[in-house]
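Please keep the sequence and the 3D structure at hand while reading.

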Amino acid sequence: MTIPSLFGDNSMRAVEIALDAVAERQRVTSHNIANVNTPGFRSSRVAFEDQLSRALQRGDLDDVGFSKVAAGTPINTRGNDVALEQETADLIRSGIHYEALVNTLNHRFTVLRTAITGR
Amino acid sequence: MFGALDIAVSGATVSRIWMDAISDNVANTNTVRPAGEEPFRARLVVAEAVRDGDGTRGGVRVTGIVENEGIAPVTYDPANPLADENGLVTRPVVDIGQEMTNLILASRSYEANLSVVDRVRDAYLAALRIGQR
């Protein structure tokens, strides 16, 4: 991927990693909500912010990904641990996060296009 | 960044836990036991405001569930299969009027917290529009 080298830093690569992770987060949240009535189901979360933050401090983004972890919420009366209010809030949060990341990419590409075309 | 969203969700969660306890109490409003046994006791949810280390507010959480410690009414009901040799049964410690009032409070606060979530989401979406043409 050559775009990062055009900007001289790792920020575009960080945005790409975050986009993949937030998209996966939306998928995992939808899966949790779909199983709100499944007895014995355990909900998961996607974790990537800590890994990404440490990798940015090191300056090396080659092996950064995201991981799926157990949510660990209390078991409810339906026999699973899906907290519907929290999952809905996660959907809202990750939707806004994803759109903000896409806006960042678009903004960077606009700057690049202006530099290339002079307009 | 999403502080208001988390706070509203904490309010909705506590309201939902309250509604769970209320429906359990209402479902057991006629659960008698033999006289002399421990009665069914209504469950009450104890919640407290959440404070961060520096004193900023952060929503609400459930700290425990306690039972109504009131006196169990003993009534004369000889036809009841659970009645003892004197025809007495222990009725549950549930105040149905209080429970129905609490149900209105809990469901309204659940709805109020969810409408806060809606408003806060619209506000964050508006922030994304800054600088766009």
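What volume does the second largest pocket have? The model is a predicted one, and in it the second largest pocket has a volume of about 290 Å³.

**Second largest pocket**

- Of the 10 residues that line the second largest pocket, those closest to its centre are A:N103, A:H107, A:T110, B:G131 and B:Q132.
- Helix α4 of chain A provides the largest share of this lining, namely 5 residues.
- Sorted by class, the lining of the second largest pocket is made up of 3 nonpolar, 6 polar and 1 charged residues.

**Largest pocket**

- The largest pocket holds about 850 Å³ of space, and among the 37 residues that line it, A:T73, A:A83, A:Q86, B:T13 and B:R16 are the closest to its centre.
- Two or more lining residues come from each of α2 (11–34), β1 (44–47) and α4 (84–117) in chain A, and likewise from α1 and β3 (57–67) in chain B.
- The element that gives the most to the lining of the largest pocket is α1 of chain B, with 9 residues.
- By class, this lining comprises 14 nonpolar, 11 polar and 12 charged residues.

**Contact between chain B and chain A**

- Chain B brings 15 residues to the contact, and chain A brings 10 residues.
- Between them the two chains bury about 1200 Å², of which 65% is on carbon and sulfur atoms.
- Of the area that chain B buries against chain A, 37% is supplied by B:F2, B:V9 and B:L128, which is more than any other three residues supply.
- Polar contacts link 4 residue pairs between chain B and chain A, counting pairs in which both residues are at pLDDT 80 or more.
- On the side of chain B that touches chain A, helices α1 (3–27) and α2 (96–128) of chain B each supply at least two residues.
- That side of chain B consists, by class, of 9 nonpolar, 2 polar and 4 charged residues.

**Salt bridges**

- Side chains of opposite charge can pair when their charged atoms come close.
- Over all chains the count comes to 15 salt bridges, and the count between chain B and chain A is 3.
- One salt bridge across the contact joins the side chains of B:R16 and A:E85, with a distance of 2.8 Å from N to O; B:R16 is also one of the residues closest to the centre of the largest pocket.
- Within chain A, A:E24 forms a salt bridge with A:R27, and their closest N and O atoms are 3.2 Å apart.
- Both A:E24 and A:R27 belong to helix α2 of chain A, where they lie 3 residues apart, about one turn of the helix.

Methods:
Residues are numbered from 1 along each chain as its sequence is written. Chains are lettered from A and ligands numbered from 1 in the order in which they are written. This is a predicted model: local features need pLDDT of at least 70, side-chain atom pairs count only at pLDDT 80 or more; totals for chains, interfaces and linings use all residues. Side-chain values use heavy atoms; hydrogens and water are left out. Contact means heavy atoms within 4.5 Å. Buried area is the accessible area (1.4 Å probe) that two parts lose on being put together, summed over both. A salt bridge is a side-chain nitrogen of Lys or Arg within 4 Å of a carboxyl oxygen of Asp or Glu. A polar contact is a pair of N or O atoms within 3.5 Å; within protein, one must be able to donate a hydrogen and the other to accept it, and residues adjacent in sequence count only if both atoms are side-chain atoms. Helices (H or I, at least four residues) and strands (E, at least two) are DSSP runs, numbered from the N terminus. Ala, Val, Leu, Ile, Met, Phe, Trp, Tyr, Cys and Pro count as nonpolar, Asp, Glu, Lys and Arg as charged, and the others, Gly among them, as polar. On a 1 Å grid over the protein atoms alone, a cavity is a set of points where a 1.4 Å probe fits but cannot get out, and a pocket is an open set with protein on both sides within 12 Å along at least five of seven lines; lining residues have an atom within 4 Å of a point. Grid points are joined across faces, edges and corners, and a volume is the space filled by probe spheres set on the points.
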